[in-house]
Structure formats: structure tokens, C-alpha cells
Amino acid sequence: MTTKGKFVLLTMLLSSLFFVLPATSQELLPGARVWGNFQMDAQYYQSDTVIGAPDVPEKILMNAFANINAEYRGFTIGLRYESYQNPLLGFDNRYRGSGIPYRFASYTQENLEVTLGNFYEQFGNGMVLRSYVEPNLGLDNSFDGIRLLYRPVSGVTLRTVIGQQRFYWDLGPGIVRGGDAEVHLNQAFSRFSDAQNQWIVGLSGVSKFQRDQDPIYILPENVAAFAGRINFTRGGLNINSEYAYKANDPSAENNFIYRHGEAFMMSSSYSFSGFGLLLSAKRIDNMGFRSSRSATGNDLHINYLPAMTRQHLYSLTGMYPYATQPTGEMGALAELTFRLPRGSFAGGPFGTTVTINSSIANAIDKQPLNDTTAIGQTGTDGYTSRFFALGDEKYFQDFNIEVSRRFSRNLRGTFTYMNLFYNQNVIEGYMDKENVNAHIFVADMTLRLERRRSLRWEIQHLSTAQDNGNWAMLLVEYNISPNWFFAVSDQYNYGNDDSDKQLHYYTLNMGYNKNANRFVLGWGRQREGIICVGGVCRVVPASTGFTLGVTSSF
Amino acid sequence: MRLLKFLFPGIFFFNVLFISCDKIEPPYMTNVEQGGENGEVVRKFLLEEFTGHRCPNCPAGSEIAKTLKNFYGDRLVIISVHAGTFAIPVNAPFNYDFRTPEGNALNTQFGVTSNPIGMLNRTEFEGTRLLTPASWGSAMQAIEDIEPGLRIDLGITSVSGNLYRVDADITALKDHEEELYLVALILEDGIIKPQKITHPDHPTGEILDYEHNHVLRKGITNIWGDKIIEDLFPQGIIMENSYTFELDNSWVTAHCSVVVYVMNSNMEILQVEKKKFSVK
């Protein structure tokens, strides 16, 4: 049996102590705790050549996972079982199969936390290290190794990690080592403990090792990245800033250039009752950092480059989401939220909340190294770049206003207008697509009915002269709180230049919630598109069929 | 626990302060002129490069393939498979079609969704068969010490007109106990046709007189091959195979070549050989 196999067996045996006989374990081990969750998404695919749905020989595909954890007196063990029979369309086929890709044991004693096995970790804003799992993206870059966290004195946290990252059912080729120190100055120094100004500073260092096997390129086998951050809080004001630097790291993502990478972000917020202001800015330059030089897509990210655009939740406002460009971008976001007081002319009898949000992402300045070298030419330093200069190309721009208002005791609504610019070539990797300029309107109304019933409807419209043209959408949802919901919706691409593609994408959904369990059954068409979480995206192919979702926690 | 107060910060600072980093100074690429083979039988590489004439990033991929070819010489055989979205003909001058039934079948079978991308002997490298150009070299290094299990000797003879015969003798250099399949294909080099490109030297995004090489033209056998060994192929045995085929009139014979490879039931390439047509 392999070492990994022994570890899995040991973990499962230990787990059984806690949860196979829960009543007994509680009696045998007072204070023991078992918790976890389960999620399953399955789809029965029907043939639908009209929308370009690919043929699915298996007919039924399913993604599922369950986390099971147990804790007793500071000792915690846990595992995650995953099953892809086979992966749903849009998820990488390399997930095919079942197994336990995540298992760990940890204990805490005297301010020291030791984790063996798999773990997730984030240093600061994640610009040099962040591992996390996002099932909706098929992303899991957990580490398999050792993690130590120590708090030697109040306000000081030291972390160190070493391990390899998950690569589907295997591990990536690189070994990642890192350390982070964070000091909450007001806690660490007693004379500042009562100060209104709260300061937190942090330093991180991460290095990856991967053998150089390339016959052409002379590759750095060890690549390091460092980051420093500061966080200031006073009352409702918060300022958070971080700068990261990465040494030469030629990879598939940057076309094997040897330029250093750097990233800077600053986010500030100010709020008081009924008012909130958020201002953020960032600059990213060649800052993709992965534990394999050849990795692409969502594979083996060591770091995370924060998104600085609003994540829209409605179908049409979210049709063109922005994906962070690690090879270079400058971005900014501003968001103002204020409440118009109730009883005023503008606020109405119940008050009105207004959110104005705008964000932009642009190319950074890139200049050739000399007259004979193209920008980004492989095997060179790539380019030069002035830190504060903008590039010529705009990637994304979003201006939106959201007004939420209660009209009466039973009727409330949210109205959104969005103006969008979307550079399809850069964001989706095409070469010959037009930039999309779109206007989007959404009205989301909820009418509260008697006996805990409610009716919610959304009316959405997207108008654009580019890509697939105009869309209209209607959704009606009937809720019987707290257990049932029924929804019907239709997205209609009536403005498509190709009359054969002026299609309806209709769905029927119903759901049942009972305590911590939720079942959702649906049928309908899914249009081809992109979903993004925090600037990290996944392509969703078109499909038609029945869907079943089950989530549960204990 | 007092020890921990000192020990852990010690471990931490060891990790952070001594974080390793290799700073590489130019030139970043090695001299890539290694030349061809020395007559010794070696395990050869087959690079199947999936491409398309409307794929603007593909010329950069082909450049990497060319660099590797300079390095490995005859040990590397390249097939450019034009298939998928970027190979679909559109308006002039991109209205020509290099797609073949064989290339389309490979594209579908291996789930190719982006270009440029390639397979090296159809073996997995870092968990995947489909490799971006930047990892082709590393993938070759990873398998270059594998001993050859087969030798392929090719001969092309003219039968009449455009009709030719290829003789492919397969010699077992060790015992094989598996099904083996032989695939024979025709390639053409030096085809001058327009190509999309992303490069500052070509602000229009096009090269009208781009030279396409290693273009897959036709399958002499089925793309999934002829089964030549059912279960046992003892060392020293030679399996003789012959195929008669016709060259298309529109192809330049002097630019054409025959590629023969042997694969197992997992479609992994065990050996490959290429022979150019000799024109008198």
C-alpha cells in the first residue's frame, strides 16, 4: 500500500471513531463534534442541435462531493470524497472518476496549529499565495503537505506551508514553500491597544520549485515571490493595500518571457449609517504564478489576483463577466451606496437604497525591449512597462445603478441599469470578435402574499448591436416559505442577426428546502456562456435537459 | 512550550529568508543546432500539432516546433493537423481547406478545443496528453531516454503515374505482448497560403504567403490503424507491410512525405518514421 493509501485508510478509521456510532462516540468522547456537507449536481442531457448542444453519450452526468470532519479537544480530522460520473459538461474531463482527493489531520496546542495532509491557505489578499476550492468553477488548488500556524504573542501570526498542489486526481509537479507574518500592531503593543487607529501589517514570501527539463529554454527551477501589505482602520474608514513582486518565471501563461512580475492593489471603504463608499484600484503585470510552467486554464494557481469589478447576479447583467488578466491590466472600481430617508419625496414612505457602481479594466503600457524584439517575444525579457501608464486597449467597463425600494408593506422592487463595454477578444481569447457595448435593464419585483407565500418576477433586457444582439428575459417565481419554490423563466435572443439563432432558452425549476437539506429539480435549456467567481471563469456549453441538485449539511 | 516560542519563528524565518530563487541572465535559450541522428535506433517523437489557418497564435506554436526540430533533427516528426474551428474556411483569402477526415477524427477523439496545442507520442505529461507549445520541449526531455522497442524501415517506390507503394518493415527490438497498430499518412511541406498571425511585424494580422509545413494531407491507412500484431511480437521478428496509394494532382510530390507510426491499443505512439518522396 502506498503512503498516500495508508494515510487515507488511517483517516477513515479515525473518522469512524467519531461518526459511525455517533451516539456512542458522544458518550465515549464528550465534546466530540462531527460536521460536514454534501452536494450533488446531475443532469440528464437531451439532444438539442438547434442551440449547439454537444452530444453526450452517457446521457446522464454528475458531479458530487461530501465533506466529513470530526473534532475532539483540538484534534481535527477531515476528508472530502468526490465523484464525477462523468463530469458535467463544461468541467474538465480529467476529473472523471471518484476518490478522496482531500484529507487532513490537524491539532492545536499552545497557540500552535499543525496541519498534515491537505489544506487551504491564503497570505494577505492572496497575491502571492491563495489556495481554495470553488466547485462551481471546477477549481481546487489545495496543498498536500504541511502547514504550521503559530501565534507567539498576542497580535502576531506566523504561518508556513510546504506542499504540492492538487492537479485533478494527481499532484502538480512543483513544490511550493511559503511563509507569512502578520502583526496586528494594536494587539502586539499594549500602549496602542486603545488607539482608534488600528494597524495590521504583513509580509509574505513564497517560492516554487520545478525541475528544468526543457532542451531549449534555460529555466529558473526556483521562482520566488514576495508581498507586503498594510491595513488601516479608523471608525468606518478602512484602507487595505498590498504590493507583490515575483522573480523571472517563464511559463505557458506568459509565453515564456523572463520579465519579473508585480501587482499592486489598494482598496478603501468608508461607511456610516445609510452611506457607504468603496474605492479600489489595482495594477497587475505578468503576475500569473502557478506550480507548473505548462499549466493553463484554472490549473495549479499558487496566487489569486483579486477581481475589481462587480459580480452581477442577474442572468443578463452577468452575461459578460470580466476575467482577471494576469499578464497585465490596470483596473479601478468605485461604489457609492446611500439611503434616501423614508418619508422624503425621493425616499418614499419606506425608504430607498441607491447603489452606484462603476469599474474599468485596461491594458497596461507595454513597450518593446528594442527594435528587433516583438512585445512578449518568447525567450526574452518580454517588454518594458511604465508603472502608471495605461495601455491602448480597454478590456472592460461597467457602470451600473441599482435602486431598491419598498412601495408598500407587501411590494418591493430592485431596478438596475447597466452600461457595459466588453472586450471579447481579450477576455474570451478570440481574435476576430467585436467589442460588445450593451445597455441592460432589470426590474426585480417581489409581492408578499398571505400565508407566507410570495411572488417574485424579473424582467430583464439587454440591448447590443454586437455579439448575439438583443436579449429579453422574464422570470416568475412562486415561493411557499420556508419549504417550496417554483420558477419558470425564458431568455429570448430575439435580436440575433441570424434568424435561426433567435432562440428561446426556457427553464422550469422547483425546489424543496427542509432544515439543512435542499432539492432542486429543473428542466430547460442552458445557453452557452461564461460564469466567473472573483474574476476566475469557466466556460459553460449549451445544453438541454433535466437537472437535479441536492445540498445538505450536518 | 517555551522552546516553541523560539523554534517556530526559527522555522518561519528559515522558510522566508532563505526562500529560493534562481535569477536567469540572458541569453535565455540554448544553442538549438544539434542536428540529426547518427544511425543509431532511437525512440522517436511524433508531435501532432493541432492548428488552423485562422488561428493567430498558431504560427508562434509552429516556431517552437521548428526550434525543437532544429534541436532533435530526424528524431522529431511533426504532423500539422488542421482541424477544428480555426481550420474552417471562410471568405477569401482564408477560403482554402486543409482539413481531412483523419485530422477531424483526431481532433474529436482527443477533445481538442483550443489551438495551438499538440500531443507528443500521445503520452501524458503532467497529467494531460494535450500540451501547449511551451511544454513540448519539457515533455520531450521527460521521455527522451526511453529505449526504442521498435524499428521502422520505410521505402517508397513509384508504381505508375501518381501511384506509389510504401513498404514499412517493423522490427521488434524487444518482446511485445500487446496489440499493435500501424498508421500511414501523407504530409506535404512548403504550401504557400495565407495565415492569421499575432505579431507586431504583421500589423494586419495576416501573412498572405505563409509557408505551411508538415500538413496532414491524407491517410494511407485508417487513422486508427491496421492491426499488425494481435498479442505477441517477439524480439528480432520483422513484420513486412505494404500499401499502395495515390497522390493528389494538386500536391507537389517533391514536398510530400510518408509518415508511418506504430501505436498500441491506448493509441500511444511507440515508434515513428518519416520518408520523403525522392523525385528524379
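Chain B contains four helices and 13 strands. Helices (H or I, at least four residues) and strands (E, at least two) are DSSP runs, numbered from the N terminus. The model is predicted: local features need pLDDT of at least 70, side-chain atom pairs count only at pLDDT 80 or more, and totals for chains, interfaces and linings use all residues. Residues are numbered from 1 along each chain as its sequence is written, while chains are lettered from A and ligands numbered from 1 in the order in which they are written.

Chain B has 280 residues, and 38% of them count as buried. A residue is buried if 20 or more other C-beta atoms lie within 10 Å of its own, exposed if 12 or fewer, and partly exposed in between; C-beta atoms are placed from the backbone. Two residues are in contact if their C-beta atoms, placed from the backbone, lie within 7 Å.

Helix 3 of chain B has a buried side. E102(B), G103(B), L106(B) and N107(B) are buried in this helix. They cover an arc of only 135° around the axis, so they sit on the same side of helix 3 of chain B. The arc is that of the directions from the helix axis to the C-beta atoms. P101(B), T108(B) and Q109(B) are exposed on the other side. The cover over the buried residues of helix 3 of chain B includes strand 1 (45-51), strand 2, strand 6 (180-188) and strand 9 (215-219) of chain B. Just after this helix, G111(B) takes a positive phi of about 65°. The loop that leads from strand 2 (76-82) to helix 3 (101-109) of chain B holds P93(B). A cis peptide bond joins A92(B) to P93(B), with omega about 10°.

The two chains touch. In chain B, 40 residues are in contact with 45 residues of chain A. Helix 1 (2-17), helix 2 (58-72) and helix 4 (136-143) of chain B are the elements that give two or more residues to this side of chain B. Helix 1 of chain B supplies the largest share, eight residues. By class, the side of chain B that touches chain A has 21 nonpolar, 13 polar and six charged residues. Ala, Val, Leu, Ile, Met, Phe, Trp, Tyr, Cys and Pro count as nonpolar, Asp, Glu, Lys and Arg as charged, and the others, Gly among them, as polar.

In chain A, strands 3 and 4 pair in the antiparallel sense over nine bridges. Two strands pair if DSSP finds at least two bridges between them. T76(A) stands opposite S106(A) in strand 4 of chain A. The loop between strand 3 (75-84) and strand 4 (97-109) of chain A contains N86(A). Q85(A) and N86(A) are joined by a cis peptide bond, with omega about -25°.

Strand 4 of chain A also pairs with strand 5 of chain A, antiparallel over six bridges. T108(A) has E113(A), in strand 5 of chain A, as its bridge partner. These two strands form a hairpin with two residues between them, and E110(A) in the turn has a positive phi of about 50°. E110(A) counts as exposed because it has 11 C-beta neighbours inside 10 Å.

L300(A) also has a positive phi, of about 55°, although it is not a glycine. L300(A) lies in the loop between strand 16 (275-285) and strand 17 (328-340) of chain A. With 26 C-beta neighbours inside 10 Å, L300(A) counts as buried.
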